[in-house]
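Here is a short report for a first look at this structure. It takes the sheets one after another, then turns to a helix.

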Amino acid sequence: ARVPAVSVMNIEGVREGHQSEGLRKYGADFPERHCFTLVFKGKRKNLDLAARCEEDARHWVQGLTKLMGRLQAMSQPEKLDQYPFWIHGVLQRADRNKDNKMSFREVKSMLRMINIDMDDVYAYKLFKECDRSGDERLEGRELEEFCRRLLRRPELEELFGRYSGEDRVLSAEELRDFLRDQGEDASLRQACAVIRTYELNEKARQQDLMMLDGFMMYLLSAAGDILNQEHTKVHQDMSQPLCHYFISSSHNTYLTRNQIGGTSSTEAYVRALMAGCRCVELDCWEGSDGEPIVYHGHTLTSKILFRDVIESIRDYAFKQSPYPVILSLENHCGLEQQATMARHMKAILGDMLLTQPLEGQDPHDLPSPEQLKGKVLVKGKKLPEPWHEPCGVTSLPDPEEEEEEEEEEEEKLQERSSRQVRDSPRAMVLGDHGVLAKDASQVAPELSAVVVYCQAVPFPGLPHALRHPRPCEMSSFSERKARKLIKQAG
């Protein structure tokens, strides 16, 4: 099949070997060293590729990685130098009949190629304004004018005019005044440095003057961002107890689309972790052949193996951040498969998995993110110690956690999912899962043993919790219950 052209700018990463769900499932016929995967930005699916030989695969991976690095290191002016070549390529692809003229249909195709989602009525209005010849085609200068209007920022033009005056040229002194008005402690020297970095016109740059395009380049660059660039790296004190921090968390992490009939994928975990997520959810259910599965129970979402999810977490947990990752287990498995889950986590995660309290840690305080760097924590139910039941299995009360966490969502899904399940050939399988869930109040000792600092418990009420704080215990609430507690005891 012919693969459409893609810009290197749209590639997020290159993975070597069988490092994607597609290649793990279907790549067995190709040697691992011949395979690699392109991961794209946004919601576009991965592209799995196999080369004729190991050397070809290595050249592709090294070449693409080098190009991506070069792009990342480019300054804004350097990127602009590449713009004419890039836009020319887009225009050529969008010009379907190759007449060097663009119909409105072809212009819409071009907008899609450069990821501009524009209202058709507004786009046609711009098109008509630029079509000086009135032949429903844009060519040459008309097309240039259309592209220029796409990039217009009237609010920045108005701001530029306010500071530059009638001559529409910003002197270093005027730029310094603008920077000071924004709260920056700017000097004339700093204003000149900004001009020399961002002004596109060489003559203006030599005279320490800034034109509108240079002003816009500066404001739309990282230096003009309201975000303090120092804050793109960790700048907070990370030595406080874990509960002192907001934790970037994900709900139903395994889903790639909707909550009822969407696709479950290990790729969803990879994307969440690479986006900086530190707490991912696994809805665990009984699977065939003794292997636990992850999916959105009682719906038609597809299923993935628990062990495959854990492998993906092992590979990507700490690529974006060194701080701990929490696995939030919503457990619907019987005792045997719970033990299997524990075995998989120990075998796959190895030393990453925290199975014992940190040595020398005050039991009245949670450890800090700094102390837990590189560690995976399991959130789930924990058996009381020592276990008193002869078989080593204790029935625990279901934490409100699960019912509270799901109640609002379940109300919305119940009618739709039950109707779909009832009419579906998979109804028997889903019904089996419903039966198996009766064991969820029991916890296997093996699974209990890997729960250390995130023990899920029913909420005992605020008065009790404040009198008897237990740092290792946690409860979950629906937004509705949280609002109720805030009203009662905010």
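This is a predicted model: local features need pLDDT of at least 70, side-chain atom pairs count only at pLDDT 80 or more; totals for chains, interfaces and linings use all residues.

Strands β6 (residues 279-285) and β9 (residues 325-331) run parallel and pair over six bridges. Asp 283 stands opposite Glu 330 in β9.

## The three-stranded sheet

Three strands form an open, antiparallel sheet in the order β1-β2-β3. Strands β1 and β3 are at the edges with a single partner strand each, so one side of each has no neighbour in the sheet. On average, neighbouring strands of this sheet are turned by 20° against each other, direction ignored. Helix α2 (residues 54-73) packs on the sheet and touches β1 and β2. The direction of α2 makes about 150° with that of β1.

| Strand pair | Sense | Bridges |
|---|---|---|
| β1 (residues 11-16) and β2 | antiparallel | five bridges |
| β2 and β3 (residues 47-50) | antiparallel | four bridges |

Strands of a sheet pair through backbone hydrogen bonds. Some partners can be named. Glu 16 has Phe 36 in β2 as its bridge partner. Val 14 stands opposite Leu 38 in β2. Leu 38 also stands opposite Leu 47 in β3. The hairpin of β2 and β3 has six residues between the strands. There, Gly 42 takes a positive phi near 75°.

## Inside strand β2

Why is strand β2 described as largely enclosed by the rest of the structure? Six of the six residues of β2 (residues 35-40) are buried, so the strand is largely enclosed. In a regular strand, side chains alternate between the two faces of the sheet. In β2, Cys 35, Thr 37 and Val 39 point one way. Phe 36, Leu 38 and Phe 40 point the other way. All of these residues are buried.

## The buried face of helix α13

Which residues of helix α13 (residues 306-316) are buried? They are Phe 306, Val 309, Ile 310, Ser 312, Ile 313 and Tyr 316. Seen down the axis of α13, these buried residues fall within an arc of 160°, so they line one face of the helix.

Technical notes: Residues are numbered from 1 along each chain as its sequence is written. Side-chain values use heavy atoms; hydrogens and water are left out. Two strands pair if DSSP finds at least two bridges between them. Helices (H or I, at least four residues) and strands (E, at least two) are DSSP runs, numbered from the N terminus. Buried means under 20% relative accessible area, exposed over 50%, partly exposed in between (1.4 Å probe, protein chains only). The arc is that of the directions from the helix axis to the C-beta atoms. Axes are lines fitted to C-alpha atoms, for helices over the stretch in contact, and angles run from 0 to 180 degrees between N-to-C directions. Contact means heavy atoms within 4.5 Å.
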